[in-house]
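Q: I have a chain open here and would like to talk it through. Could we start with the charges and then go on to the fold and some strands?

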Amino acid sequence: MIPQTADHAADLTAPHQPEQWSSRERNLAALFTAILTRGPISRRDAARVIGMSQAAVTKLVKPMIAGGYVTEQEGYSEGPGRPLIPLIIDARRHNAVGVKVTGGELIGVVVDLHAEVLQSRRAPLADARPQKVVESVAELTRELLGSTADGESGTVGVGVGLGGHVDGRRGVVRFSPMLEDWRDVPLQRMLADELHLPVLIENDVNTLAVAEQWFGAGRDTSSFAVVTVGAGVGGAIVIDDQLLHGASGAAGEFGHNIVDPRGPLCHCGKRGCIEAFASDEAIVRAIGERRGRLPGSLAEAVQIAHGGDPVARQVFIEAGRALGQGLAGLVNLLNPPVVILSGEGISASDLIIDALNEELTRSSFSSAGRDCRLVVRPLPDETWARGAAATMLRHGVLRSLMTLTGEIPV
Ligand SMILES: [Zn+2]
């Protein structure tokens with residue numbers, strides 16, 4: 001069990017991200033992920049999936065079993081030779097908390113080691129100043145762990161996802177326009193000091209990408225991108241199984257690519273970003289300006305467009321074009337086989353998808369646009385929080401596994 005001391009929390013103030021992992025950490029993470037996401041799986045098949053020798057897998061699995069992370073199921077035979085023994089991760093070994101922070105609400109979950117949600121809770125966020133947010137996240141975390149068997153003693157820590165420029169490696173929110181213009185807030189340190197638990201912070205779309213990588217539409221591909229449409233327009237990129245962070249965590253900030261320098265003003269201070277055309281607020285505002293009456297919400301805007309109003313329909317088409325143009329830039333750079341479109345605004349996908357596809361095909365190089373499979377995934381809010389918890393699980397479990405397997409060369 002991981003010791004729950006203040007020193008341990010402080011120790012995690014600057015967790016290193018996957019791109020900084022040693023080859024040993026990569027192998028351990030790959031093996032753990034293979035058993036987690038594909039289990040029950042035999043040592044032979046796990047070795048095939050991650051490209052390691054069966055002997056190396058056998059050596060690494062031994063301390064994982066001794067440490068209670070992996071259990072063996074009843075063996076079976078596939079012809080002559082020793083029977084194959086399926087391995088699974090023991091879901092009860094640890095839990096992790098995940099919290100998604102939005103401008104007005106916290107969405108929290110506690111998950112088991114399979115990242116299955118054990119408890120979920122929401123709390124309004126009345127005050128978005130940093131210290132108040134820390135206190136609210138800490139309170140929600142205590143409630144979630146208090147209502148879970150083995151709560152705090154079994155937890156690997158708390159993962160927090162939020163929109164904006166989040167430098168997870170340094171534990172600092174560089175800029176978050178949704179949270180009263182936060183700048184350079186050392187959120188990880190503040191929350192770790194409050195809770196005395198390991199804390200990890202990450203851009204919220206990146207946490208969603210981790211959830212999709214483990215359990216969703218990113219499971220069977222080593223490279224994919226996630227684009228989310230809602231209060232903002234966000235992005236995350238996974239290439240060769242690695243989530244891209246870039247120099248300071250801003251990689252994948254898809255929504256702030258400029259598609260029209262004379263376009264509408266964006267939250268970020270610039271003009272004509274994709275977000276300034278396609279976010280919920282941008283769509284509602286554009287319909288209000290052109291029709292002379294502001295819809296009360298995106299849902300109402302969708303209703304007006306579904307009712308056949310040509311002005312409202314045109315606004316959605318322009319949002320689709322902006323997204324398509326942005327996606328063309330993304331596929332030209334990265335040529336991903338899959339792009340997952342998600343977020344609460346994707347409920348209006350039928351109004352934007354044709355314009356999006358048309359623009360994507362028109363603006364992308366050669367067949368890059370057609371080579372890319374667009375997957376529209378309306379995901380519940382809890383999935384974001386689950387992703388934040390999964391990000392913490394991956395980090396916390398890897399630390400434990402590194403200690404457990406310390407003597408084994410890999
Ligand atoms: Zn912008």
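**Charges, fold and strands**

Q: How many positive and negative side chains does the chain have?
A: The chain has 39 positive and 48 negative side chains, and the centres of these two sets lie 4 Å apart. Please keep in mind that this is a predicted model.

Q: OK, and what about the surface, how much of it belongs to carbon and sulfur atoms?
A: Of an accessible surface of about 17,200 Å², 50% belongs to carbon and sulfur atoms, while buried residues make up 54% of the 410 residues in the chain.

Q: Switching to the fold, how many helices and strands are there?
A: The chain has 14 helices and 15 strands. Its radius of gyration is 22 Å, close to the 22 Å given by the globule rule for 410 residues, so the chain is as compact as a globular protein of that length.

Q: Is strand 8 mostly covered or uncovered?
A: Strand 8, which spans residues 172-176, is mostly covered, with four of its five residues buried.

Q: And which sense does its pairing with strand 7 take, parallel or antiparallel?
A: Strand 7 (residues 165-167) and strand 8 pair in the antiparallel sense over three bridges, and Phe175 in strand 8 is the bridge partner of His165. Four residues lie between the strands of this hairpin, where Gly171 takes a positive phi near 75°.

Q: What about strand 8 and strand 9, how many bridges there?
A: Strand 8 pairs with strand 9 (residues 182-185) over three bridges, in the antiparallel sense, and Val173 stands opposite Val185 in strand 9. That hairpin has five residues between its strands, and Glu180 takes a positive phi near 45°.

Note on methods
Residues numbered from 1 in each chain as written. Predicted model: local features only at pLDDT ≥ 70, side-chain atom pairs only at ≥ 80, totals over all residues. Heavy atoms only, no water. Helix = DSSP H or I, 4+ residues; strand = E, 2+ residues; numbered from the N terminus. Rg over C-alpha atoms; globule rule 2.2 N^0.38 Å. Buried < 20%, exposed > 50% of the residue type's maximum accessible area, 1.4 Å probe, protein only. Areas by Shrake-Rupley, 256 points an atom, 1.4 Å probe, with all protein chains shown as cover. Lys, Arg positive; Asp, Glu negative; His and termini not counted. Charge placed at Lys NZ, Arg CZ, Asp CG, Glu CD. Pairing = 2+ DSSP bridges.
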